[in-house]
Amino acid sequence: MLDIGLPGPKNTHGDAGFWSACRQHELRAQRCLACEHWHHPPIPMCPRCQSSDLEWQPLIGAAFLFSWTRVHIAMHPAVTAVIPYCIGVVEFPVCDGVRIIARLDHPSDNAPAIGAKCELYWITAADGQPLPAFRTQVQSSGAVSIQPATL
Amino acid sequence: MGKRGAVIVGIGQTEYRRRGGWSPASELELAARAIMDAANDAGVNLRAVDGVCSYANDMPGEDAYGAALLQVALGLPMLRHSSFVWCAGGGGACAALAHAVAAVEAGHANVVAVVRSVCQNPDARYGQFSDRRQFFNLVMPAGAYAPAHLFAIWMRRHMHEFGTTEHDLAQVAINARLNANRNPKALFNSKLLSEEDYFGSRMVADPFRLFDCCIESDGAAAILVTTRERAMDMRARPVEVLAVGQGSSGGWGAGPLGSHNMPRHSYTTGNFGVFADELFARAGVGRDDVDVAQIYDAFTGMVLIGLEDFGFCDRGESGAFVRAGNIGFPYGSLPVNTSGGHLSEAYVHGLNLLIEGVRQMRGSSTSQVENAQVSFVASCPGLSPSSAALLGRS
């Protein structure tokens, strides 16, 4: 089997803080220290109050599947062995609805349920960079627990 | 509008070919040939062109055809206007027309070409993995390698919220093909598409099957804009630009091509926001006055969402609208993508749709809506900012 890893991010963009947190297995997004508003993707000033006093903070609270697709054609050699695979957009309501796009682990014989609670796990890109991934939780738990999303 | 008012006096195109079919011709050459064709169509000396507008020249080799190179290639003695639409991908087609109209009406230039040329070489295909980073650095690691993946996620949410179905998407694909079957210049002119064919085609990115995705094609298209006064000396019957412009509602950024953090209330829209109402108000026409529409269809779902954004049906009702046969030619209330669109004519990034909107106002479409007076054209829903135009018969 060819040893071709998943393409990962380059750390030459404004989202370097996101990826450096991932290297600690933490999912972080920018939060404004002036008005406490969360936003994603990163941008040099708070979209709500225009402060540049921003901090990468760990996302908190439960995450829910907002939408998804299932990819059936391998457009990169690294995914040839895993197609079809799912991509999910996962929403963190406690963090002003910040959404993270990531691989979604889901059985190929049924459709992921939008609204399902998701749990975070980690996969690894070719260069060793940890990448966030989610799986929908099978058991339903009504309560939204507030805890760092760094399971 | 007075004598300085801008009108469309020429349309041009190269032959549309499957991806690679123009190799080794460059985007520059095809762009230049499309402008020559438009000048010929208008009956104006090519040397009179003194402005060039484009957009979305976003494949590797980003200076593939700039205004300066076009000026040299075409031997234009004087260039008075060049402009490029900022960061709007295929959302920039009608915006480039807006630039041309503004330049002409301000007196900055006399005869302005709007042009788009697409040559997808093996290293630069919209439908394949790309190492471009501007939008993709956050999303590529998720396994989202192409626009189909990202717009599929957007469309899936629309289906979840409103009950839109794969059968509705199929209607859009089949409608485009039926129109292409009447258009000899369409790449899929001779290929039929049944609902069975549609559902039998391979899944690309759920809910998009192969026939939900635009053609991989090469070609170029151009439009010439000048003043009403100058148009009187030209051959072609001018087409009125009733209103044209750009619109993006707040908080979208790269939208579906980025990390999908658009505002929740507008996520399942095409991001045109209040621009839709403003466009109709500026044109002084209502939705019911529109006889025919071209809506950007890199993917079928964009047509559904575009119909909703511009108020041809209520939000969430586009599935029912197409199921009722409204977008069909000739009997629908609003025939859509009458040249076959990106799905079945060619993918020229929205400029071939704009040309078809002009043809409908000249009475020269191969799916000509009888006595059409007002023609609507929308560039790519979901991009920021996108653009749209209302054209009128003169």
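Select chain B, which holds 12 helices and 12 strands; helices (H or I, at least four residues) and strands (E, at least two) are DSSP runs numbered from the N terminus. The model is predicted: local features need pLDDT of at least 70, side-chain atom pairs count only at pLDDT 80 or more, and totals for chains, interfaces and linings use all residues. Residues are numbered from 1 along each chain as its sequence is written, while chains are lettered from A and ligands numbered from 1 in the order in which they are written.

With chain B still selected, display its C-alpha atoms, which fill a box of roughly 55 × 45 × 45 Å along the principal axes. Of its 394 residues, 62% count as buried, a label that requires 20 or more other C-beta atoms, placed from the backbone, within 10 Å of the residue's own. Among contacts in chain B (C-beta atoms, placed from the backbone, within 7 Å) between residues at least 6 apart in sequence, 79% join residues at least 24 apart.

Next, select V348(B), located in the loop between α11 (341-345) and α12 (351-362) of chain B. V348(B) counts as buried because 30 C-beta neighbours lie inside 10 Å. Leaving aside residues up to four places away in sequence, V348(B) touches R116(B), V118(B), G219(B), A220(B) and A221(B).

Finally, move to chain A, where one helix and eight strands are found, in the order α-β-β-β-β-β-β-β-β. Of the 151 residues of chain A, 38% count as buried.

Conventions:
Buried ≥ 20, exposed ≤ 12 C-beta atoms within 10 Å, placed from the backbone. Contact = placed C-beta atoms within 7 Å.
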